[in-house]
Amino acid sequence: MLDPGRRRPNRRRRAAQHLSSPHRRGTLVGFVFAPETAPMPTPRTLYDKIWDDHVVRTDEHGTSLLYIDRQLVHEVTSPQAFEGLRLAGRKPRRPEANLAVPDHNVPTTDRHLGITDPISRIQVETLEANCREVGIQLFDMADKRQGIVHVIGPEEGFTQPGLTMVCGDSHTSTHGAFGALAFGVGTSEVEHVLATQCLLQKKSKSMLVRVDGPLGRGVTAKDIVLAIIGEIGTAGGTGHVIEYGGDAIYALSMEGRMTVCNMSIEAGARAGLIGIDETTIDYVRGRPMAPQGALFEQAAAYWRSLNSDPGAEYDRVVTLDAASIRPQVTWGTSPEMVLPVDAAVPDPADIVDPVKSGSYRHALAYMGLAPGTPLADIPLDKVFIGSCTNGRIEDLRAAAAVARGHKVADSIKLAMVVPGSGLVKAQAEAEGLDKVFIEAGFEWREPGCSMCLAMNADRLEPGERCASTSNRNFEGRQGQGGRTHLVSPAMAAAAAIHGRFVDVREI
Amino acid sequence: MPMQPFENFRGTVAPLDRANVDTDAIIPKQFLKSIKRTGFGPNLFDEWRYLDRGEPGQDCANRPLNPDFVLNDPRYAHATILLARHNFGCGSSREHAPWALADYGFKVLIAPSFADIFHQNAIKNGLLPIVLDEAVVDRLFELATDGDEPLTIDVDLHNLTLDADGHGSIEIDIDPFHHHCLIHGLDDIGLTLTHADDIAAYEARRRAEAPWLFA
């Protein structure tokens, strides 16, 4: 028999306790003093509230038509969507609700030469032609605002709290840092949103990941999210929207919050969310595409009402103690294969589950690592600082602080810094960070996705080992046969200087 | 794009015995430079399937095959059902992954779990992802790898059952809306556009409530 008896998922919901955003405590008052005759409203999560405000209709199967406020568009996942519209004789419903930028294929050197790879060039030119044809705003390669979609959305104020946002890119979860419901979609759904401004969706389950207490010195947002993925696994968030809470999360800057939400997809969740506080609102205020003046104040009042209510229930709650998180380094070919920098490569023989043990064996063979090797003894060939995970100004400041006055080790063939956008690059140059990097022996490049996924010329050669601030250590991700170790910007800079991993807390 | 209606289906199984197979492995990034939806099949699992470095525009017929990769085993040469481990399709949202699987000839995917975006993308392209308990998947791996003959599976989308060639049959669970779309091959953009009045009414209400969204 094949049927072992059907299992049903446990749907018991757990209440969140003591969420640390001050605004959550603030919203309590309205409920406590509600008139006795009015029914007590059911406490809702931030996800519930954004969802409820965007449902156009729900069918008899429980599938909802969800209104999508904003879409980001890039060159790799959109050409077939525009082609689909053309073939069906359809037009975008709200071109102004979209913002486009080439990022995956763009070169990070010699921009004046254009794109030399003819196939990449056609893809970028196709994006430009499509946007021109339908009236979608595009930042082209010559525009100083050009950069990675997930960096420019927040930078321009295109990303705002309370929105529903999509992009044909899994790291759209980044924008959840603003308390926006933001998730990656495939090309068919890019086309669906262009044509209808809606998506067919079923509501996900909810998960609260709370990180309590203060973070240790040298421990960053990247280490928090890698530790979370190490804890719950790369499928831990499947079917869920994760809300991050706890004082360690609310103490982060918007850049740090974006790093955490960015890697929600590596935890299996389509979307990550962080409640809206004054840090969020201050970041959005005054940005070019954000509401201005009285409209901003009206928007901000609405945004403050969206946070999870006290007593709101989640399908799953996970708690981490911030003080126990150490700087993280991945050792394998999945982001869940991660350990603190002072640990050693694990032994697959110690793993009972045969599928997991097999995965570990494959990973170690691919990575060229022996069980028991201390992570700090792993020699490196290249260092990459950048990506939608860690290509923002704060990341460059953290890396520069470590690199300042030091030299990249002779054994490192290439250490490169790729700012997330033209504006990040300009800001870094205004602060003199470019000089710090160049004097230390790093290459200072033009903005784009670069060696996070190696669609342009920036890539690893077979067998090369890289300390990378990006988000995926999959086989071949940074170039066929390349070996990726994911770390924070400070850890990457320290690795460049020492030629191997070192604990940034000790320098 | 309207997809082809899904009929009841009979096919043989290729067992891919790895957990967390990501979409970078299913279709590596260099092939994402195409602006078409078709032609990705020869590069499906490119880095595992071939021994050389894959580049767009190559004639894959002349490339050296990796004899250890499951799809290069003659037993599984005509497989149309891919049996996989948990979290299949994780990582990048690239729809090129289901395009490549479909272009290669797969129609059905079976695993203990699929990554969310991949699952959605598969359905949109008329691929049927079936989630089964880990123990059932373990048993199917045994059946698919035992002996010299490939395992044949029948999927009955009307009665929602899966039959493993004389080894028993099991109920399958498919979201009712996805089921409806697969059976009828619906153009879901067309379907959404039948609710254009609802969308316009939503926009009008929202424009009044949250005017900054339309400024």
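Visitor: How many salt bridges does the structure hold over all chains?
Guide: The model is a predicted one. Side chains of opposite charge can pair when their charged atoms come close. Over all chains, the number of salt bridges is 46.

Visitor: Is E96(A), which forms a salt bridge with R94(A), buried or exposed?
Guide: The closest N and O atoms of E96(A) and R94(A) are 3.3 Å apart. R94(A) has a relative accessible area of 7% and is buried. For E96(A) the relative accessible area is 54%, and the cut-off for exposed is over 50%, so E96(A) is exposed.

Visitor: How many residues apart in sequence are the parts that D342(A) and R505(A) tie together?
Guide: D342(A) forms a salt bridge with R505(A), with 3.9 Å between the closest N and O atoms. D342(A) lies in the loop between β16 (338-340) and α12 (354-367) of chain A, while R505(A) lies in the segment after α17 (489-498) of chain A, so the parts tied together are apart in sequence by 163 residues.

Visitor: Which residue forms a salt bridge with R75(B), and which residues are joined into one network by salt bridges that share partners?
Guide: In chain B, the closest N and O atoms of R75(B) and its partner D73(B) are 3.4 Å apart. R75(B) is partly exposed at 24% relative accessibility, and D73(B) is partly exposed at 22%. Salt bridges that share partners form one network, whose residues are E189(A), R270(A), K124(B) and D188(B).

Visitor: How many of the residues of helix α6 of chain A are buried?
Guide: Helix α6 of chain A covers residues 187-196. Among its buried residues are T187(A), E189(A), H192(A) and T196(A). The helix is largely enclosed by the rest of the structure, because the buried residues number 10 of the 10.

Visitor: Which residues that line the largest cavity are the closest to its centre?
Guide: The count of cavities of 30 Å³ or more comes to four, and the largest has a volume of about 230 Å³. Its lining has eight nonpolar, 11 polar and four charged residues. Of the 23 lining residues, the closest to the centre are H104(A), D169(A), H171(A), L453(A) and R477(A).

Visitor: How many charged residues are in the lining of the second largest cavity?
Guide: The second largest cavity has a volume of about 90 Å³. Its lining includes R459(A) and Q480(A), together with K29(B) and E55(B). By class, this lining has one nonpolar residue and four polar ones, and its charged residues number five.

Visitor: How far from the ring centre of Y50(B) is the charged end of R63(B)?
Guide: In chain A, R70(A) lies over the face of F158(A), 5.9 Å from the ring centre. In chain B, the charged end of R63(B) sits over the ring of Y50(B), and its distance from the ring centre is 3.9 Å.

Technical notes:
Residues are numbered from 1 along each chain as its sequence is written. Chains are lettered from A and ligands numbered from 1 in the order in which they are written. This is a predicted model: local features need pLDDT of at least 70, side-chain atom pairs count only at pLDDT 80 or more; totals for chains, interfaces and linings use all residues. Side-chain values use heavy atoms; hydrogens and water are left out. Buried means under 20% relative accessible area, exposed over 50%, partly exposed in between (1.4 Å probe, protein chains only). Helices (H or I, at least four residues) and strands (E, at least two) are DSSP runs, numbered from the N terminus. On a 1 Å grid over the protein atoms alone, a cavity is a set of points where a 1.4 Å probe fits but cannot get out, and a pocket is an open set with protein on both sides within 12 Å along at least five of seven lines; lining residues have an atom within 4 Å of a point. Grid points are joined across faces, edges and corners, and a volume is the space filled by probe spheres set on the points. Ala, Val, Leu, Ile, Met, Phe, Trp, Tyr, Cys and Pro count as nonpolar, Asp, Glu, Lys and Arg as charged, and the others, Gly among them, as polar. A salt bridge is a side-chain nitrogen of Lys or Arg within 4 Å of a carboxyl oxygen of Asp or Glu. A charge sits over a ring if NZ of Lys or CZ of Arg is within 6 Å of the ring centre and within 35 degrees of the ring normal.
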